[in-house]
Amino acid sequence: MSRRTGRHFLQIPGPTNVPDRVLRAIDAPTIDHRGPEFAELGKAIRAGMQRVFKTKGEVIVYPASGTGAWEAALVNTLSPGNRVLMAETGHFATLWSKLAARLGLEVDLIPGDWRSGADPSAICERLRADSAHAIKAVCVVHNETSTGVASRIADVRAAIDAARHPALFMVDTISSLASIDYRHDEWGVDVTVAGSQKGLMLPPGLSFNAVSPKALAASRQAKLPRSYWAWDEMLAHGKSGYFPYTPATNLLYGLREALMMLEEEGLENVFARHRRHAEATRRAVRAWGLDVLASNPAEYSASLTAVLLPPGHDADRVRRLILEHFDLSLGTGLGKVAGKVFRIGHLGDFNDLMLMGTLAGVEMGLGLAGVPIRKEGVQQAMAYLGACRASGERAAA
Ligand SMILES: *Cc1c(COP(=O)(O)O)cnc(C)c1O
């Protein structure tokens, strides 16, 4: 393989580009995780993550990928044979449901078309029909990374309340936290699952549970076996800033820096930036004459856009050509939409020109692959981003 010049464009929807500031923060000597210096790090991270989750409750950090935090949410709160209600929004929701089934839970999976989010009225209906309260948890993926669809979590909460059902509410925010508005306490979520390598701008290797008092109470009755994932040990150490076993110390340095960066920008500005880049991307897709996979504008993801190719065109061939020619990585189609879509990640540490470079690579790649498009997507995205800047300047003047 010949040497590639310049920066690689990593525009998959996670892992995302790790900012230099975070890399520099990670590049430091590993310290004693039982020493005095570590406690300050542990406490700073706990407080910072509470602000990102928008919770005053407990936050638990695991040295694990997001899948570990999925498992932790279930094994800490449920017992063998318990029934859980899930919504088949796409590949990640399906994986979480399979994980639940492997743990010995009974999964009710509400089928979905992989183009829309969890349906609050379908959830309400299932819960109303469950007058014996056999369902112990409702689990929803906030941002379905395989489809680019964001479920309306506040509406799902309202549906659970409307059914007057006591089930726990668990939400996967692995590709939405710190990219799309999320409010653990206000939306009455009991366990929020998150990971380090998407909106939080870190390498893979950390994951999180934010835990409500109701989930903590459930954990005292829950009978699924757990040890590595056990919240009680984590919480017993957590208040003092320590961990029961060796944490991923250097990733925690990176997390402290990433939290500072998010606070410098301001979370609301971070969300607005993601919305702007998502809108510019959709404008490009439409100008090309293609469709986004998400069918409902109220559920468009701000983290990523899944682009549907016309029948007869292989999305993975387009991705391969783009990688070969332009050193740009795009997300592959997963599960039921494999080969039919590619995904443009626009989350994490990202700016207007990185998006323009990405869209230029996609437009050129679609041309190389012989996909019939109008070569006007880059132009439309650029016009939109320029107009956003101009209105910001006018507002400031
Ligand atoms: C990436 C992702 C996961 C999987 O996380 P891993 O870190 O790969 O274990 C789960 N859910 C969603 C929504 C994701 O985007």
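## Report on a predicted model

Cys 139 is buried, at a relative accessible area of 2%; buried means under 20% relative accessible area, exposed over 50%, and partly exposed in between, with a 1.4 Å probe and protein chains only. The structure is a predicted model, in which local features need pLDDT of at least 70 and side-chain atom pairs count only at pLDDT 80 or more, while totals for chains, interfaces and linings use all residues. Residues are numbered from 1 along each chain as its sequence is written, and side-chain values use heavy atoms, with hydrogens and water left out.

**Cysteines and Ala 236**

A disulfide is a pair of cysteine sulfur atoms within 2.5 Å. By this rule there are zero disulfides. Cys 139 is in none, and the nearest cysteine sulfur, that of Cys 124, is 17 Å away.

Cys 388 counts as partly exposed, at 22% relative accessibility. Ala 236 is exposed, with a relative accessible area of 59%. Ala 236 belongs to helix α8 (residues 231–238); helices are DSSP runs of H or I with at least four residues, numbered from the N terminus. Between Ala 236 and Cys 388 there are 152 residues in sequence and 48 Å in space, C-alpha to C-alpha.

**The ligand**

The shell around the ligand holds 13 residues, and the closest are Ser 65, Thr 67, Thr 145, Asp 172 and Lys 198. A residue counts as near if one of its heavy atoms lies within 4 Å. By class, the shell has four nonpolar, seven polar and two charged residues. Ala, Val, Leu, Ile, Met, Phe, Trp, Tyr, Cys and Pro count as nonpolar, Asp, Glu, Lys and Arg as charged, and the others, Gly among them, as polar. Helix α3 (residues 66–75) gives the most to this shell, with three residues.

| Polar side-chain atom of | Distance to an oxygen atom of the ligand |
|---|---|
| Ser 65 | 2.6 Å |
| Lys 198 | 2.6 Å |

The protein covers 87% of the 390 Å² of accessible area that the ligand has on its own; accessible areas come from the Shrake-Rupley method with a 1.4 Å probe.

**Helix α4**

Helix α4 (residues 91–102) has twelve residues and reaches 17 Å from its first C-alpha to its last, close to the expected 16 Å. The expected span is 1.5 Å times one less than the number of residues. The buried residues of α4 are Phe 92, Ala 93, Thr 94, Trp 96, Ser 97, Leu 99 and Ala 100. After α4 comes Gly 104, with a positive phi near 95°.

Methods. Helices (H or I, at least four residues) and strands (E, at least two) are DSSP runs, numbered from the N terminus. A polar contact is a pair of N or O atoms within 3.5 Å; within protein, one must be able to donate a hydrogen and the other to accept it, and residues adjacent in sequence count only if both atoms are side-chain atoms.
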